[in-house]
Amino acid sequence: MIERKEYMNFLLKLKDKHIIKVVTGIRRCGKSTLFELYKDYLLKNGVKKEQIISLNFENPNDMKFNDWKELFVSIESRLLENKMNYIFLDEVQILKNFEKAVDGLYIKENVDIYITGSNSYMLSGELATYLTGRYMQIHMLPLSFLEYLEYYGLDNEERKYHTYIKNGGFPYLLNLDNDEELIRNYLDGVYHTVLLKDVVSRNNIKDTMILDSIIKFLFDNIGQLVSTNKIANTLASNHRKCSVNTVESYLNALIESYIIYKISRYDIKGKEYLKTGDKYYVCDLGLRNYLLGSVKDLGSILENIIFLELKRRNYDIYIGKYEDSEVDFVVKKNDGLKYIQVSLSVRDEKTLEGELTPLKEIHDNYPKYIITLDYDSADYEGIRQINAIDLLMGRVDL
């Protein structure tokens, strides 16, 4: 098992704190394994087996409750007095009104609750109503490039980068020894499980052919400005007529399932968020390559990789607009803004100038970067050029 240090540290920092720990992320990204690693830690550090109550709601043996009350009564009856009880509820959103059971357990002083979910629905609606201010969330992604190399070794980074962007970072793939047929079969299973359980069934989608076409369009246009009108018009030109409202509904369902992420534009000069012109990125490049059939568009893939890395680092991420120019990413955290351009290579002078120009037009003191796969580092009037693999490996920082 890969020790998912970032996520483990999140759980460890909040151990025994009176707050619900929520881990979200696409199916098969490692949430259940994270819980297993954490439970092993507890058992090795003085917690008795009887203090741990663990239920996986995708396991028929655990999904035996008709309603939230039965779940609550069952868990309450197993609680030990005068000891901390650690409760793990995996994929709990499957049980209707589960948040009422969680709320009832939360008010007990000797209960430490951990839950996972594969759909952002669980953090909206009734959950938000019942548990506002009572939970902290960490969003989990498939393996980062650095985690990937922790398994395969830190040598031959560039060759392994290309294997990584081809196969993706779902943790179970490490068991398949780079067997292309097995990897494709596994990704096929992940893709259709996500679509069936988290998109089609949850949202009562009837036209799965249209849904599949929308996903392929998004996967083929990562890092491009996309509108619902553009998607609807593209579908119509391919004889798949679909209303803008339906496209928007399907997009929301895909975003909720964490298979894609949407980022919006930020007007740098006007310091305001814009309502039109969004970009979409895929949660895992292996799924994209499975669906589209090949690794192509290496510049867009690099941009997607950098987006995911920024998301892992808990930045708020936007597309930058400065008058008529665009900056790939404007990221925000407590220490202010950062401006980032991503390019496969800037060794061509015209390409370099094209990446530098939007950054030079921004007249403030926030850091500016160009991230490339070139093994060149440079400084252009305060604009730092850094190597993407160095960034992914943690050898340089933003």
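Contact here means heavy atoms within 4.5 Å. This is a predicted model, where local features need pLDDT of at least 70 and side-chain atom pairs count only at pLDDT 80 or more, while totals for chains, interfaces and linings use all residues. Residues are numbered from 1 along each chain as its sequence is written, and side-chain values use heavy atoms, with hydrogens and water left out.

**Asp 278**
- Asp 278 sits in the loop between strand S8 (272-273) and strand S9 (279-282); strands (E, at least two residues) and helices (H or I, at least four) are DSSP runs numbered from the N terminus.
- Its relative accessible area is 11%, so Asp 278 is buried (buried is under 20% relative accessible area, exposed over 50%, partly exposed in between, with a 1.4 Å probe and protein chains only).
- Setting aside neighbours within four places in sequence, Asp 278 is in contact with Gln 224, Leu 225, Val 226, Lys 262, Ile 263, Ser 264 and Ile 319.
- With Ser 264 there's a side-chain to side-chain polar contact at 3.1 Å; such a contact is a pair of N or O atoms within 3.5 Å, and within protein one must be able to donate a hydrogen and the other to accept it, with residues adjacent in sequence counting only if both atoms are side-chain atoms.
- Ser 377 is 99 residues from Asp 278 along the chain, and their C-alpha atoms are separated by 31 Å.

**Asp 198**
- Asp 198 belongs to helix H8 (residues 180-203).
- Asp 198 counts as buried because its relative accessibility is 0%.
- Not counting residues up to four places away in sequence, Asp 198 touches Arg 27, Ser 118, Asn 119, Thr 193, Asn 203, Ala 253 and Ser 257.

- Helix H12 (residues 285-292) is mostly covered, with seven of its eight residues buried: Leu 285, Gly 286, Leu 287, Arg 288, Asn 289, Tyr 290 and Leu 291.
- The cover over those buried H12 residues includes H7, H8, H9, S9 and helix H13 (298-312).
- After H12 comes Gly 293, with a positive phi near 100°.
- In helix H6 (residues 145-152), the buried residues include Phe 145, Glu 147, Tyr 148 and Leu 149, and their cover includes helix H1 (5-13), helix H7 (157-167) and helix H15 (388-393).
- Just after H6, Gly 153 has a positive phi of about 100°.

**Helix packing**
- Helix H9 (residues 208-220) and helix H11 (residues 244-256) pack at about 70°, with axes 11 Å apart; axes are lines fitted to C-alpha atoms, for helices over the stretch in contact, and angles run from 0 to 180 degrees between N-to-C directions.
- That makes H9 roughly perpendicular to H11 (65 to 115 degrees; under 35 is roughly parallel, over 145 roughly antiparallel, the rest oblique).
- Ile 210, Leu 211, Ile 214, Ile 215 and Leu 218 of H9 meet Val 247, Tyr 250, Leu 251 and Leu 254 of H11.
- The residues of this H9 and H11 contact split into nine nonpolar, no polar and no charged (Ala, Val, Leu, Ile, Met, Phe, Trp, Tyr, Cys and Pro count as nonpolar, Asp, Glu, Lys and Arg as charged, the others, Gly among them, as polar).
- H8 and H9 pack at about 120°, with axes 13 Å apart.
- Tyr 191, Leu 195, Val 199 and Val 200 in H8 meet Thr 208, Leu 211, Asp 212 and Ile 215 in H9, and the residues of that contact comprise six nonpolar, one polar and one charged.
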